[in-house]
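Here are my notes for your first look through this one. Keep the 3D view open and find each residue as you read.

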Amino acid sequence: MDWTVLKQIIDEHQTFLVTSHVRPDADALGSELGMRAILLALGKEVTIVNASAPPANLHFLNPDGHVLKLNENITRASVPKVDVIIVVDTSAWQQLGTMADVIQNATSKRVVIDHHVSSDDLGAIEFKDVSAAATGELIFEAAESLGVSFDAQTANALYAAIATDTGWFRFPSTGARTMRIAASLIELGAVPHNVYNLVHEQCSMARVRLSGRVLGRIQSEAEGRLVWIYADSADLSETGSVPSDTESLVNQCLTVSGSEAAFIAVELQTGQIKFSLRSRPPHDVAKLAEQFNGGGHKLASGATLQGPLKPALEKMLVAFRQMLQSSGGSPPQS
Ligand code: AMP
């Protein structure tokens, strides 16, 4: 990636707004905080605003409240009019939620730094590398090229970004580049066991109960090649959990022997159904998600369908059956 154009944009402007996708994950938050650190080190003014708040297990990434939620920590009218808006970890209008409108109505220059395959034309100068395992990797490389180093807190946030987006360094996207950057972050003060503990070992009882209930009715079809689960509004309300408590449950489906693809459907309070889709090569769930105006990566993507749950599930099952039929795939391991 050639970062000279980014350097030029930063040099020529003073005020920046950094944003990312709805339901921000650690890669979104870590990348935003990393970008903030870069801009501050270069003497710029920066505000981070997202359409939604971080999930509870990621609050530790934002101890000083630098990441603001639109209409909660900052009103629409007080979002600063900035020279440049930097969108990290997404290039999809739908993924920006209520921030899409803020961006569309601003006259600011736009920059996108992202590693997702799916993309809309945001009218931005793009720094996009789909071979990067996480947007956090790109932010680290941008900082190196701009001559900026990170303090321990930001190093931990970027480590969380990369570790979570690579499934703790086990997804096929993990390469030597990922490990080198992770090592540099540890040298800067990231503490891997602390990050893991804070992300995954601070669960509420409600979250663990929800996973028991949802995984208890795990289903498979297409001779076990597709494994899927759902969480409806009763699952959430009766266990006292929230939609983000379903995060990572979909990955359990792929632990079933012979599984090649998986999804979870989560009924949101709005009545919409949020699907998280996963696959193993050669299946491409980003392409599948695009049928529903969603997107993401080949092996991990998402889409939101209109409710109710049952017909949305039917539509998704049809799409998965088609994908499995058309792209073949490896026979189940014995
Ligand atoms: P999830 O299963 O929701 O964690 O999403 C997996 C990946 O797909 C993440 O990298 C998301 O940013 C991306 N993704 C999820 N939903 C969408 C969508 N509607 N449009 C584009 N990308 C998405």
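This is a predicted model: local features need pLDDT of at least 70, side-chain atom pairs count only at pLDDT 80 or more; totals for chains, interfaces and linings use all residues.

1. Start with Arg278, which sits in strand β10, residues 273-279. Which side chain of opposite charge is nearest to Arg278? That would be Asp25, but Asp25 is 8.1 Å away. A salt bridge needs the two charged groups within 4 Å, so Arg278 has none, even though Arg278 is buried.

2. How many residues surround the ligand? There are 13, and the closest are His116, Lys274, Ser276, Arg278 and Gly295. Gln94 has a polar side-chain atom 3.3 Å from a nitrogen atom of the ligand, while an N or O atom in the His297 side chain is 3.5 Å from a ligand oxygen.

3. On its own, the ligand has 480 Å² of accessible area, and the protein covers 84% of that.

4. Now for the backbone. Pro281 and Pro282 are joined by a cis bond with omega about 10°, and Pro282 is in the loop between β10 and α11 (285-290). Gly307 and Pro308 are joined by another cis bond, with omega about -5°; Pro308 belongs to the loop between β12 and α12 (309-326).

5. Two phi angles deserve a look as well, because most residues other than glycine have a negative phi. Ser248 has a positive phi of about 75°, in the loop between α9 (233-239) and α10 (249-253). Asn293 has a positive phi of about 65° and lies in the loop between α11 and β11. Are these residues buried or exposed? Ser248 is partly exposed at 38% relative accessibility, and Asn293 is exposed at 64%.

6. The whole structure has 13 salt bridges. One of them pairs Arg177 with Glu137 at 3.2 Å. Arg177 is in helix α6 and Glu137 in helix α4, so this pair ties together parts 40 residues apart in sequence. Glu137 is buried at 1% relative accessible area, whereas Arg177 is partly exposed at 24%.

7. Another salt bridge joins Asp245 and Arg207 at 3.3 Å. It links the loop between α9 and α10 to helix α8, with the partners 38 residues apart. Asp245 is buried at 11%, and Arg207 is buried too, at 15%.

8. Finally, Glu238 and Arg213 meet in a salt bridge of 2.9 Å, which connects helix α9 with helix α8 across 25 residues. Glu238 is exposed at 58%, while Arg213 is partly exposed at 31%. Elsewhere, shared partners join Asp129, Glu137, Glu141 and Arg177 into one salt-bridge network.

Conventions: Residues are numbered from 1 along each chain as its sequence is written. Side-chain values use heavy atoms; hydrogens and water are left out. Helices (H or I, at least four residues) and strands (E, at least two) are DSSP runs, numbered from the N terminus. Buried means under 20% relative accessible area, exposed over 50%, partly exposed in between (1.4 Å probe, protein chains only). Lys and Arg count as positive and Asp and Glu as negative; His and the chain ends are not counted. A residue is near a molecule or strand if one of its heavy atoms lies within 4 Å of it. A polar contact is a pair of N or O atoms within 3.5 Å; within protein, one must be able to donate a hydrogen and the other to accept it, and residues adjacent in sequence count only if both atoms are side-chain atoms. Accessible areas come from the Shrake-Rupley method with a 1.4 Å probe; for residues, only the protein chains shown count as cover.
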